[in-house]
Amino acid sequence: EGLRKYQQHELADRINSDSIRLIEEYGIREYFDPLIKIPEKNGYGGQSFSWSAALTIDMIKKKK
């Protein structure tokens, strides 16, 4: 929402779609390291992390 407030819609869309793709492919994790190029090796923290799940639901709802 902050990026959209400053008219950075393309970047906001990319972060949203990349985040959803990572979660679809590798599951809900506490966080992913954006600097590691092998996504299945960059999911860290808790698995099935509820904050990540809540954020994912919010991103999907706002994408529609």
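## Arg14 and its partner

Arg14 is exposed at 56% relative accessibility (exposed is over 50% relative accessible area, buried under 20%, partly exposed in between, with a 1.4 Å probe and protein chains only). Its side chain meets that of Asp18 in a salt bridge, 3.3 Å from N to O (a side-chain nitrogen of Lys or Arg within 4 Å of a carboxyl oxygen of Asp or Glu). Asp18 itself is partly exposed, at 28%. Both residues sit in helix H2, 4 residues apart, or about one turn of the helix.

This is a predicted model, where local features need pLDDT of at least 70 and side-chain atom pairs count only at pLDDT 80 or more, while totals for chains, interfaces and linings use all residues. Numbering runs from 1 along each chain as its sequence is written, and side-chain values use heavy atoms, with hydrogens and water left out.

## The other salt bridges

The whole structure has 3 salt bridges. Glu25 pairs with Arg21, with the closest N and O atoms 3.8 Å apart, and these two also lie in H2, 4 residues apart. Glu25 is partly exposed at 45%, and so is Arg21 at 35%.

Then there's Arg4 with Asp13, whose closest N and O atoms are 2.7 Å apart. Arg4 comes out partly exposed at 32%, and Asp13 likewise at 41%.

## Overall layout

Of the 64 residues, 20% count as buried. As for contacts (heavy atoms within 4.5 Å), take those between residues at least 6 apart in sequence: 22% of them join residues at least 24 apart.

## Pocket

The largest pocket is lined by 33 residues, with Ile15, Asn16, Asp18, Ser19 and Met59 nearest its centre. A pocket here is an open set of points on a 1 Å grid over the protein atoms alone, where a 1.4 Å probe fits and protein lies on both sides within 12 Å along at least five of seven lines; lining residues have an atom within 4 Å of a point. H2 gives the largest share of that lining, 12 residues.
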